[in-house]
Amino acid sequence: MALVLKALYNGYDRYFYEAQDPRNADHFLLNPPWLPFLVLAGYLYFVLDLGPKLMANRKPFDLKKLIQVYNLLQVLANVYLFVAGVKVIIDMGITLKCQPVNYTNSPFALRELRLVYLYYLLKVSDLLDTVFFVLRKKQSHVSFLHVYHHAGMVLGSFIYNRFFPGGHFSMLGLCNTFVHAIMYFYFFLTIYRPELTKNANWKKYITIMQMVQFGYLVFHFATPIVLGVDCGIPKFWLWLPMIQNVFMMVLFSDFYAKAYGRRKVK
């Protein structure tokens, strides 16, 4: 038993400390490595158990003003990260076959590192979406797809921030910020100008855009695997996001079929 515990501790120390990128070792919510898991555990406990119990005998909170501000800030943050990310890619140059992670302290590499870290913080802030649903007593919106997607994005961005901040994985952030800028703008309009979205197909096309995003990312991460290109990234860490995006494409396709498929006749 002592040998097993020692092996587990050595593995934990090796993978979470020795293998991490030392440039962002002191960044908030990246260290200690168990902190993001604690945040996600608190998130899941609140939105799935504690929150619904606390709201059971309470009226829903009126959070319209707060959510408007939150959605607008999300739009601005996603637009900023998308534009800044495109600029970094243009300045550094990129290959779609397999882009290695730049671990140097050059100005370009540090700019990319900063954007990847800000993206991680943005994914943490996305968790407030679900909290708002619970406080407004819209528990039906707290679906498996919603919770899995939000928690998975936090966990994934944490792992890649810690070990592979940038490189071939930056394209995921670019696609995601582009889609989320449009999505949060739609959310903002549903409260600020509901007449503009009431009979529109915004949500349908946003879902299509998300599915296209997942489809491209499957291709993006499969490319270096299929071509056998080695750019210093272990194949496991390319297989993982590829499979994850296949799974997300299936989940979103199922949601699309149920939400926008053939109308049921009453």
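Good morning. I begin at the end of a helix: helix H8 is followed by glycine 228, whose phi is positive, near 70°. Please keep in mind throughout that this is a predicted model.

Let us stay with H8 for a moment. This helix has 26 residues, and from its first C-alpha to its last it reaches 37 Å. That is close to the 38 Å expected at 1.5 Å a residue. Where does H8 bend? The bend, of about 30°, is at phenylalanine 221, and a proline, proline 224, follows within four residues.

Setting aside its neighbours within four places in sequence, phenylalanine 221 is in contact with His168, Phe169, Leu172, Leu238, Pro241, Met242 and Asn245. In the largest nonpolar core, which has 46 residues, Phe221 is one of those that touch the most other members, together with Tyr120 and Phe169. Which helices supply at least two residues each to this core? They are H2, H3, H4, H5, H6, H7, H8 and H9. The largest share, 8 residues, comes from H6. There is also a second, separate core of 9 residues, and among its members are Leu63, Ile67, Met183 and Ile206. As general background, nonpolar side chains tend to be buried together in soluble globular proteins.

I turn now to the cysteines. How many disulfides does a search of the whole structure find? The search finds 1. The disulfide is formed by cysteine 98 and cysteine 231, with their sulfur atoms 1.9 Å apart. Cysteine 98 lies in the loop between H3 and H4, and cysteine 231 lies in the loop between H8 and H9, so the pair ties together parts that are 133 residues apart in sequence. Both cysteine 98 and cysteine 231 are buried.

Is cysteine 175 buried or exposed? Its relative accessible area is 17%, so cysteine 175 is buried, the cut-off being under 20%.

Valine 86 is 14 residues from leucine 72 in sequence, and in space the two are 21 Å apart, C-alpha to C-alpha.

Thank you for your attention.

Definitions and conventions. Residues numbered from 1 in each chain as written. Predicted model: local features only at pLDDT ≥ 70, side-chain atom pairs only at ≥ 80, totals over all residues. Heavy atoms only, no water. Core = buried A, V, L, I, M, F, W, Y, C linked by side-chain atoms within 4.5 Å. Buried < 20%, exposed > 50% of the residue type's maximum accessible area, 1.4 Å probe, protein only. Contact = heavy atoms within 4.5 Å. Expected span 1.5 Å × (residues − 1). Bend = angle between axes of the 7 residues up to and from the residue. Disulfide = S-S within 2.5 Å.
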